[in-house]
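Here are a few notes to read alongside the structure. Take them one at a time, and find each residue on screen as you go.

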Amino acid sequence: MNGIPLVIFELKSPTDENATCYKAFEQLQAYKATIPGLFTYNEICIVSDGLEAKAGSLTAPYSRFSVWKTKDGINEAPKFSDELSTLIHGLCTPETLIDYIQNFVTYEKTQTEDKVTHIVKVETVKKIAAYHQYYAVNKAVASTMEASKAGGTKKAGVIWHTQGAGKSLSMVFYTGKIVRRMHNPTVLIINDRNDLDDQLYDTFAGNSGLLRQPPKQAEGCEDLETLLKVASGGIIFTTIQKFIPDKDKSVYELLSARDNIVVIADEAHRTQYGFNAKLRDIKENGEVVGQRIAYGFAKYIRDALPYATFIGFTGTPVERQDANTPAVFGNYIDIYDIAQAVEDKVIVRIFYESRLAKVNLTEEGKQLVEQFDSELDEVGEADEATAAKMKWAKLEAIVGNEERIRILANDIVTHFEERQKVIEGKALVVAMSRRIAVALYDAIIKLRPEWHNDDLEKGIIKIVMTSSSSDGAAIQRHHTTKSQRKALALRLKDENDPLKIVIVRDMWLTGFDAPCLNTMYIDKPMKDHNLMQAIARVNRVFKDKPGGLIVDYIGIATNLKKALGFYAESGGKGIPAETHQKAVDIMLEKLEVVRGILHGFDYSSFFSSVVRDKLSLILKAEDFILGIYDGKNRYVREVSLLGQSYALAKPDPATFEHAEEIAFFQAVKARLTKFETSGGGGDESYDSVIRNIVNLAISSDQVVDIFSAAGLEKPELSILSEDFLKEIEGMKYKNVAIELLKKLLSDEIKIRSKHNLAKSKTLMEMLDGAIKRYQNNLLTTAEIIEELIRIAREINAADKRGEDMGLSEDELAFYDALETNDSAVAVLGDEQLRAIAREVAEKVRSNATIDFAIKETARARIIVMVRRVLNKYGYPPDKQPATIDLIMKQAENLADVWSVK
């Protein structure tokens, strides 16, 4: 834009199976390291392989690059439409791009501390809006402008974006834009809990640059009143409870009559509703002395701010039958449900496993849970809550029974450790009281004493809660301050920190975001929004995490079904939590599919073999699969799906029954993918499921020579030496030999491409041509091996050409670039071309800087020098443009190599 590179595209060939979107992402990381100046003004990075197209920020990991699914924000693009075209027309039009850069790009600072040196590292993270956030926020701004104008309804509406889809950041984008559009209004953000208020406040405070002002937190009712009594401006955080009238009044005092106030209700549910009047008893010394009229919070907020405009943000749907919702906020502005979020890979699926049978809950306890569920409300007057509190106390005594806690602790430890064997992650345990949380902690560290540590910065398990002086010493020692909770949150979010399990009662169940969290153990009655919000803690995308798991010890299944029904009734698509049995069923189904691919191959001896024989059998299986039409692709795809479902199904009894067989399948897959010319799916941190299963399959105290197990002598010197090539030629497993040669040759050519682009291109064309002839059955197995070995010898010969011709490695690269033109060779002859190559190499090397590729002046200077050399020696003028282009590409590659030297 005006010559400034704001958006960078990295495009890969749609016809090259190894040129994936991930490879394009990796290329961008390489550019960041070698030409950082290119990214000084960068706002958006786009990667595409011709089929898929994704956009992400400069600092985003690949898992945060996402598709752009609509051109106009109204109609979603057809499923099989061109993703790159949709992204360009949807995001990169001048009007949209300017709006996006101005209002939908923000920066947050993240802080990590080195556990050994205690050096604190602060990094700036760049965040940009996904398509659903961009269009929802713009709809919300338009709706707010309409509702806030003179004669407007003052009800802007509700945005329902499922948990994990970036609701907090959407609120930041909305606030930043509405501040501009309404010319600095006062924005009041309301929560119904202090910890949620703190979490959202921290998010807004971290994005003050986009908001153009730091937010403020109201400390009390008087402070809120002071903050609101201004002419304009301000972003204020408060809790709903501050809007309770004093001294049994039924009207809240007027705080501001301004109409340039926007009230944002976070998780706009029952506490934010209510206009209807109710009679409440007035008590003195425990006796009823009269009655008063009480209203819901919605009425009190309207008393305080009668001309404010209201908008709600929620991660769960509001009750359709509740007429107060449209009365307070208006109708839905935008819906982004679970089905959409899972499809867009914004969140992962959640699975549910009941382990109620594993712990003892008496019949009386089960009945109390059911009774309590029917009466459980998020808010209520103290006199109405007394009966519920009595039932809660009785249920707490049953749930917190010493023997039950011991069994529960044992099951959590066993279950968690079994899951860690398959896929590493972290867990939240939800207890119904502080007493039970402490008792459970004590029972767990009795089983695993090494998990405990008094130091806040050490230990594998912690409790996050507050306490009061009346709670007693046992509970008080687990009390955490606000700063301590922040430190523990950072520890839990850090995948490399030893903190793995946190026990909570109420904290961190809403608004808390730790992507590496993949398991939640629930031992507390929950329902409706509270339940939906709690289980969403495990739905964040993280590396190869296949899904989150909810483990139920108290019996939340019925409430989960009710929440699911009400979710669907509200128009949401997708299932909040799949049953754990579904993961088991998928695993068994995929197991049969993989067995079908290997039909005719006997691998039964694998399970009783020594390690050397196991490796040999893996090799045989690989050879068998490579001999099947499209066998490798089918096998790798199905075993990947099997591995994901296995990780989710663990530790169901069926996983133990088939663990060894699945381990064998994964080991064969790992062997097959070693031969891929590139890693299409990401780095090794994305293969934790495979890594852990294969480690279990092939564990040994002996040192095993992999080459020997493959029937090869270990190469002593060059990977492409004559001796090694003869070994491959005589390999027993011909299909494996082909894959091995293909991989080795491709890697060797790519290594050489840095130094000699022209020759590498010729060699790669030879390799691709040979492989295609083999795939089209024009070459037999023996012939393709012979052809590949001939190419290997050609590579070896190419390496020695420079010595024979009296040229250095750099000079030979430019010689090959000049030699691509047959007529130039005929006119000038070999000696002349060598002289040109030497002079070009010297000129380019002395003038090429690492960033010359993006500096037009530097490039132009080198092109002029090269052209002068070509003219000096009489290089054909009509052939010069193509040759200069190739020389410049070669120079760019060599500039990288020279910078390292």
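1. Let's begin with rings. Trp-68, Tyr-100, Phe-104, Tyr-131, Tyr-134, Tyr-135, Phe-173 and Tyr-336 come together as one aromatic cluster. Please keep in mind that you are looking at a predicted model.

2. Across the structure there are 27 aromatic pairs. One of them joins Tyr-201 and Phe-237 edge-to-face, with 5.6 Å between the centres and 85° between the planes. This pair links distant parts of the chain, as Tyr-201 sits in helix α6 and Phe-237 in strand β9, 36 residues apart. Is Phe-237 buried or exposed? Phe-237 is buried, because its relative accessible area is 0% and the cut-off is under 20%.

3. Next, find helix α14, which runs over residues 402-422. Its 21 residues reach 31 Å from the first C-alpha to the last, close to the expected 30 Å. At the start of α14, look for Asn-401: one of its side-chain oxygens comes within 3.0 Å of the backbone nitrogen of Glu-403.

4. Now for charges: the whole structure has 31 salt bridges. Among them is Glu-353 with Arg-355, at 2.8 Å from N to O. Both Glu-353 and Arg-355 are buried.

5. Another salt bridge joins Arg-595 and Glu-661, whose closest N and O atoms are 2.7 Å apart. Arg-595 belongs to helix α20 and Glu-661 to helix α23, so the pair ties together parts 66 residues apart in sequence. Arg-595 is partly exposed at 25% relative accessibility, whereas Glu-661 is buried at 13%.

Conventions. Residues numbered from 1 in each chain as written. Predicted model: local features only at pLDDT ≥ 70, side-chain atom pairs only at ≥ 80, totals over all residues. Heavy atoms only, no water. Phe/Tyr/Trp six-rings, centres within 6.5 Å; stacked < 30°, edge-to-face > 60°. Helix = DSSP H or I, 4+ residues; strand = E, 2+ residues; numbered from the N terminus. Buried < 20%, exposed > 50% of the residue type's maximum accessible area, 1.4 Å probe, protein only. Expected span 1.5 Å × (residues − 1). Polar contact = N/O pair within 3.5 Å; in protein donor to acceptor, adjacent residues only side chain to side chain. Salt bridge = Lys/Arg side-chain N within 4 Å of Asp/Glu carboxyl O.
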